[in-house]
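Hi,

Here is the structure I promised to pass on. Have a look at it first, and then read on for what I found.

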Amino acid sequence: MEAQIAFKERPEGGYCKCGRKAVFSRKYEGSYLCKHHFCLSIEKKAKRTIRQHNMIKSGDRICVALSGGKDSSAVLYILSKVLNGRKDIDLFAVSIDEGIHGYRPESLEIAAKFCEQLGVKHRTLSFKAAFGKSLDEKMGEVAADPSMRIRESCTYCGVGRRYLMNRMARLSGATKLCTGHNLDDEAQAVLLNYIRGDLFRASRMGPVTDWSIKKESDSMFIPRIKPFREIPEREVALYAILKGLDIHMDECPNVGGIRFEARDFLNNLEAKYPGIKFTVLETFDKLLPAIRQVAEGNEPRLLRCRICGEPASREVCKTCELWRL
Ligand SMILES: [Zn+2]
Ligand SMILES: [Zn+2]
């Protein structure tokens with residue numbers, strides 16, 4: 001996995017401003033950081049992002065989407081630190097069990113143990129319970145039925161996961177859904193939306209993803225916050241390791257496709273031109289108001305799914321369509 005490789009790349013002979021030996025060389029800043037100052041810088045950056053974009057306010061009930069991987073574990077860890085002792089804000093975590101053989105069970109165990117250590121309430125929801133079958137079972141069905149147009153497991157998985165996470169967050173009274181998306185995820189999403197010409201999806205990106213911006217009255221979608229959106233993936237991974245967080249390191253066995261290529265493309269550019277991922281995101285943020293203007297009018301009407309009652313852009317929502325509920 002890329003994240004693991006990153007740590008072998010120790011800075012040679014670099015020293016932190018405090019005089020201690022560096023564990024990380026931050027090329028886009030030209031700085032060397034010791035363990036203490038590296039971790040501090042990550043926490044400061046996350047806090048600054050939260051503050052800058054008003055991600056959290058008094059009275060919030062924050063649901064963290066926890067997979068057991070480095071990003072969501074680290075974001076939960078930092079939030080529990082930042083919010084430590086605040087009685088006016090509630091924090092809890094939800095994990096989704098897609099039913100991916102040999103991958104999910106271990107990460108779910110890790111997630112549950114981690115929440116126990118932090119004293120954070122935790123719940124798990126499974127595809128099997130919600131949709132009647134696991135992702136593996138669904139993909140078996142798809143393989144056997146050539147008439148099914150959509151064949152990539154990531155589509156079934158992603159659609160199902162977003163659906164359950166939003167529904168779960170809403171039913172538990174959450175006011176924010178927090179995810180561990182990092183700079184790499186965000187820069188990839190910028191490119192992918194551009195390549196696919198998906199201006200509507202692009203218009204709903206940004207630091208606080210609120211699908212109901214235009215319709216204050218419709219609270220079916222819980223606004224999503226991403227405190228790590230300005231932190232590169234390898235730095236989140238290094239932070240998780242330096243803090244000794246017990247995390248699940250395997251990459252999902254189903255991952256692939258065009259997102260993979262976007263990731264490689266950005267990584268190659270970043271190696272040659274340090275800081276380019278920031279530029280991609282910064283430029284996008286500057287264009288966002290204009291993108292929202294262009295996308296306005298093209299947005300799908302928000303309806304209620306005839307089958308499940310969840311928000312949908314057509315009569316039947318994507319989840320009910322794909323999972324044949
Ligand atoms: Zn230092
Ligand atoms: Zn539905």
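A quick definition before the details: a residue counts as buried when its relative accessible area is under 20%. Please also keep in mind that this is a predicted model.

Let me start with the zinc ion (ligand 1). Its donors are Cys16 (SG), Cys18 (SG), Cys34 (SG) and His37 (ND1), at 2.0 to 2.3 Å. The angles subtended by these four donor atoms run from 102 to 113°, which makes the arrangement tetrahedral. For comparison, the ideal angle for four tetrahedral donors is 109.5 degrees. Along the chain, the donors of ligand 1 follow the spacing C-x1-C-x15-C-x2-H. Distant parts of the chain are linked here: Cys16 sits in the loop between helix H1 (2-6) and strand S1 (24-26), while His37 belongs to helix H2 (residues 35-52), 21 residues apart.

Are Cys16 and His37 buried or exposed? Cys16 has a relative accessible area of 5%, so it is buried. His37 is buried too, at 16%.

Now the other site, the zinc ion (ligand 2). Four cysteines coordinate this ion through their SG atoms: Cys305, Cys308, Cys317 and Cys320, at 2.3 to 2.4 Å. Ligand 2 is tetrahedral because its four donor atoms subtend angles of 106 to 113°. The sequence spacing of the donor residues is C-x2-C-x8-C-x2-C. Cys305, in the loop between strand S9 (303-304) and strand S10 (311-312), and Cys317, in the loop between S10 and helix H13 (318-323), are 12 residues apart, and the pair links distant parts of the chain. Both of these cysteines, Cys305 and Cys317, are buried.

Best wishes

Definitions and conventions. Residues are numbered from 1 along each chain as its sequence is written. Chains are lettered from A and ligands numbered from 1 in the order in which they are written. This is a predicted model: local features need pLDDT of at least 70, side-chain atom pairs count only at pLDDT 80 or more; totals for chains, interfaces and linings use all residues. Side-chain values use heavy atoms; hydrogens and water are left out. Donors are N, O and S atoms within 2.8 Å of the metal (3.2 Å for Na, K and Ca); water is not among the atoms, so sites may look incomplete. Four donors count as tetrahedral if all angles lie between 85 and 135 degrees; four count as square planar and six as octahedral if opposite donors are over 155 degrees apart and all others between 65 and 115; anything else is irregular. Helices (H or I, at least four residues) and strands (E, at least two) are DSSP runs, numbered from the N terminus. Buried means under 20% relative accessible area, exposed over 50%, partly exposed in between (1.4 Å probe, protein chains only).
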